[in-house]
Amino acid sequence: MHDEELVQIAREVRRGILEGVHAAKSGHPGGSLGAAEIFTYLYFEEMNIDPKNPRMSERDRFVLSKGHCAPGLYATLAHRGFFPKEDLVTLRHIGSHLQGHPNMNDTPGVDMSTGSLGQGISAAVGMALAAKHWGDSYRTYALLGDGELEEGQVWEAAMFAGNHGLDNLVVIVDHNGLQIDGTIEEVNSAMPIADKFRAFKFHVIELADGNDMAQVRAAFAQARTVSGSPVCIVANTVKGKGVSFMENQVGWHGKAPNDEQYEQAMAELVQEV
Amino acid sequence: MADVQKIATRVSYGEALVELGAQHDDFVVLDADLAAATQTGKFKAAYPDRFYNVGIAEGHLMSMAAGIATTGHVAFASTFAMFAAGRAFEQVRNSIGYPHLNVKIGATHAGISVGEDGATHQCNEDIALMRTIPGMTVIVPADDVEARAVVRAAYELEGPVYMRFGRLATPVINDPETYSFELGRGMVMREGTDVTIVACGLMVGRALEAAEQLAGEGISAEVINIHTIKPFDDELVIKSASKTGHVVTCEEHSVIGGLGAAVLDALAPTCPVPVRKLGVNDVFGESGPAVDLLDKYGLNAEGVIKAVREVLA
């Protein structure tokens, strides 16, 4: 698929994020919007998956370690055909398969239940280890937030992955510099992120603009060439990307737009080409 | 009784894993730098390429085991009960329990019989913690024979299992020739009419000792071994309590939230008979030889007899 098509899909994913969060009157738009290119590239280009057979044993795995960005994952899965797009507006509603944080037993295409930060990367390491152990060829991807790096378990998992040379594992750090209580510098910075993962024996790819599809493509292509060590893509992104009043705003980490804001945001996501 | 064999259930665990490994290669064993103590070192020695040490990282241990389980394989995750149920509680709840993944937690060094290491390592809260997790199976084997059967049953069961093993060598009370483990079903170890003693783990043997002594005093005690704390065998306990009218629960665990609480939960709605809970009385343990500690905290035959007298008074 050409970058232009993927960019178009990422815009649709963004609209899906807003539809869900607006309908739920809660949820996490900021980090979901900022990772839209990464979600899109993974599910439309990078990963070996089959929406008709979501539990296909040889599928590549994706773990949303930053589970609060479920709206981004759900919008992507819906657009990829795992379930109807109409379901997105049931996000966080009683009886919906779209829980506030992803549950693998509820939603087709979700490979691991996540939401408690730091645990998803460990689960992804387990998947990658299992692939190595039983000789399976699938790859495992985990998306983490930069605030999430404050969880000690991230480094327990990284230590194991590095020491075991899990080169079938790609950890993506969505580095937007913001977390709920403020900037990561204000709260408790995990910087320098790339150096830390290098120290844990990862091959690190620094993605200058994680909202640029061509750069996203190049990063994942480079990741495939690495052998002998796990890969960490440190993706610089803009939280809230695509919605002018949400971009780089801490306040939009976990807040739904009101009706007026929703209309404006959706309009922006139509105009922007 | 002089020649009764004594084996720690952690040893049974390690040996049972080796036996299981000879028959199946769809599981791996994980440990967190305690393989010698948890006895998974035996498995490591037998199958070095099917054993993974995560180091001192119990949170990662549990979530990584969950990730392995998502691929359709089984992971045995081992560490001390304190760290499995305590430190990693939230990983067990969210990574394993919520998605109902096929992880078998082998938690050794449970209870006060850890001995000299003292209170930081004596986990008297794990049964309570684990039984609150929806869908978690919680098993406390009473001896070597039962522990070996539990490992096999846990492997065969689809879903998360918490197995509680001890450090202290304890008497083998079951006959390996006739023993049969049935998940979720308590076992009447001795029939009686005056009082029901419900026990788990090493307290089953001690309850049987107590029942023998009580018989000499003319008190007929029924002894039930509840190896599966969850799902709980309500039916058997209610049936026995209805017959005897008095219940004593015995566990090497806090009196809060463990076997005693499960028994009360079972009896309260339809069979509210007097119950006396014998266990660790909401205190931390301390260093000392395991057997002496069990005596000090009343977790012996004398303690059981005292509780029986209280409930019958």
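This report describes a helix, a loop residue, a chain contact and an annotated domain in a predicted model.

Residues are numbered from 1 along each chain as its sequence is written, and chains are lettered from A, with ligands numbered from 1, in the order in which they are written. Because the model is predicted, local features need pLDDT of at least 70 and side-chain atom pairs count only at pLDDT 80 or more, while totals for chains, interfaces and linings use all residues.

Helices (DSSP runs of H or I, at least four residues) and strands (E, at least two) are numbered from the N terminus.

| Element of chain A | Residues |
|---|---|
| α1 | 3–24 |
| α5 | 119–134 |
| α6 | 152–163 |
| β7 | 231–236 |
| α10 | 259–271 |

The 22 residues of α1(A) should span 32 Å at 1.5 Å a residue, and the end C-alpha atoms, 31 Å apart, agree with this; the expected span is 1.5 Å times one less than the number of residues. Buried residues (20 or more other C-beta atoms within 10 Å of their own, the C-beta atoms being placed from the backbone) in α1(A) include A:Ile9, A:Val13 and A:Leu18. After α1(A) comes A:Lys25, with a positive phi near 60°.

A:Gly242 lies in the loop between β7 and α10 of chain A and counts as buried because it has 24 C-beta neighbours inside 10 Å.

Chains A and B each give 23 residues to their contact (C-beta atoms, placed from the backbone, within 7 Å). On the side of chain A, α5(A) contributes the largest share, 11 residues.

For chain B, an unreviewed UniProt entry lists residues 7–172 as "domain: Transketolase-like pyrimidine-binding"; such annotations may be inferred rather than shown by experiment. Over residues 7–172, chain B is 44% helix and 19% strand.

Terms used. A residue is buried if 20 or more other C-beta atoms lie within 10 Å of its own, exposed if 12 or fewer, and partly exposed in between; C-beta atoms are placed from the backbone. Two residues are in contact if their C-beta atoms, placed from the backbone, lie within 7 Å.
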